[in-house]
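Notebook open, model loaded. I'm jotting down what I look up as I go.

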Amino acid sequence: MIVYYDSLKGCNDEIFIAATEQGLCFVSNDYDEMVEWLGKAGMTELTQSTQYMKDYTKEFEQYFSGVTTDFSDVKLDLRGTDFQQSVWAELLKVQYGEKCCYSDIAEALGKPSAVRAVANAIGKNPILIVVPCHRVIGKNGKLTGFRSGLTLKKELLTLENIL
């Protein structure tokens with residue numbers, strides 16, 4: 001399976017985006033992490049293509065410039081376990097400018113004692129920003145883990161006027 005990718009500037013960082021013919025499959029600020037994740041997913045044919053990725057790039061540029069606040073028109077190729085998929089589906093319900101905590105997601109899933117499992121699934125979210133795991137903070141209001149670093153998380157939350 002061919003995976004196309006490109007990069008763009010966003011929140012003072014280089015953001016790498018990757019997509020299959022089914023849709024966007026990975027977003028990160030770390031090229032090596034993208035290659036590693038795609039390899040583990042069995043997607044080893046990686047091709048840089050500004051042309052193929054132009055519609056995705058435009059969506060991200062509009063988000064970073066404040067023109068758009070959602071990615072509802074972006075097709076996703078979101079791969080994970082059933083539980084991860086359920087967690088990510090809940091994340092997609094957290095709107096621009098809103099925040100929640102891990103226990104909110106666990107409760108929404110009807111599994112209030114599964115906070116650690118929810119946090120683990122959130123940490124494995126392959127499509128940062130679009131599946132807005134950056135909007136999840138600790139119950140105490142503190143910024144917590146984000147696989148692309150707390151600096152980027154803080155910048156995304158600031159962009160969305162959450163901080």
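I sorted the lining of the largest pocket by class and got 10 nonpolar, three polar and two charged residues. For the classes, I took Ala, Val, Leu, Ile, Met, Phe, Trp, Tyr, Cys and Pro as nonpolar, Asp, Glu, Lys and Arg as charged, and the others, Gly among them, as polar. The space in this pocket comes to about 240 Å³. Of its 15 lining residues, Asp 70, Phe 71, Ser 72, Leu 92 and Val 130 are the closest to the centre. My pocket is an open set of points on a 1 Å grid over the protein atoms alone, where a 1.4 Å probe fits, with protein on both sides within 12 Å along at least five of seven lines; a lining residue has an atom within 4 Å of a point. Grid points are joined across faces, edges and corners, and the volume is the space filled by probe spheres set on them.

Ground rules, before I forget. This is a predicted model, so I ask for pLDDT of at least 70 for local features and 80 or more for side-chain atom pairs, while totals for chains, interfaces and linings use all residues. Numbering runs from 1 along each chain as its sequence is written, and side-chain values use heavy atoms, without hydrogens and water.

Next, helix 6 (residues 150-159). Which of its residues are buried? I find Leu 152, Lys 153, Leu 156 and Leu 157, buried being under 20% relative accessible area, exposed over 50% and partly exposed in between (1.4 Å probe, protein chains only). Down the helix axis they fall within an arc of 135°, so they line one face of helix 6; the arc is that of the directions from the axis to the C-beta atoms. They pack against strand 2 (13-20), helix 2 (50-64), helix 4 (102-108) and strand 6 (136-137). Helices (H or I, at least four residues) and strands (E, at least two) are DSSP runs, numbered from the N terminus.

Then I looked at the segment after helix 6, where Glu 160 sits. Is Glu 160 buried or exposed? Buried, at 2% relative accessible area. Leaving aside neighbours within four places in sequence, Glu 160 is in contact (heavy atoms within 4.5 Å) with Tyr 63, Tyr 96, Gly 97, His 134 and Arg 135. Asn 161 has a positive phi of about 60° although it is not a glycine.

Last entry: Cys 11, in the loop between strand 1 and strand 2, has a positive phi of about 55°. Cys 11 counts as buried, at 15% relative accessibility.
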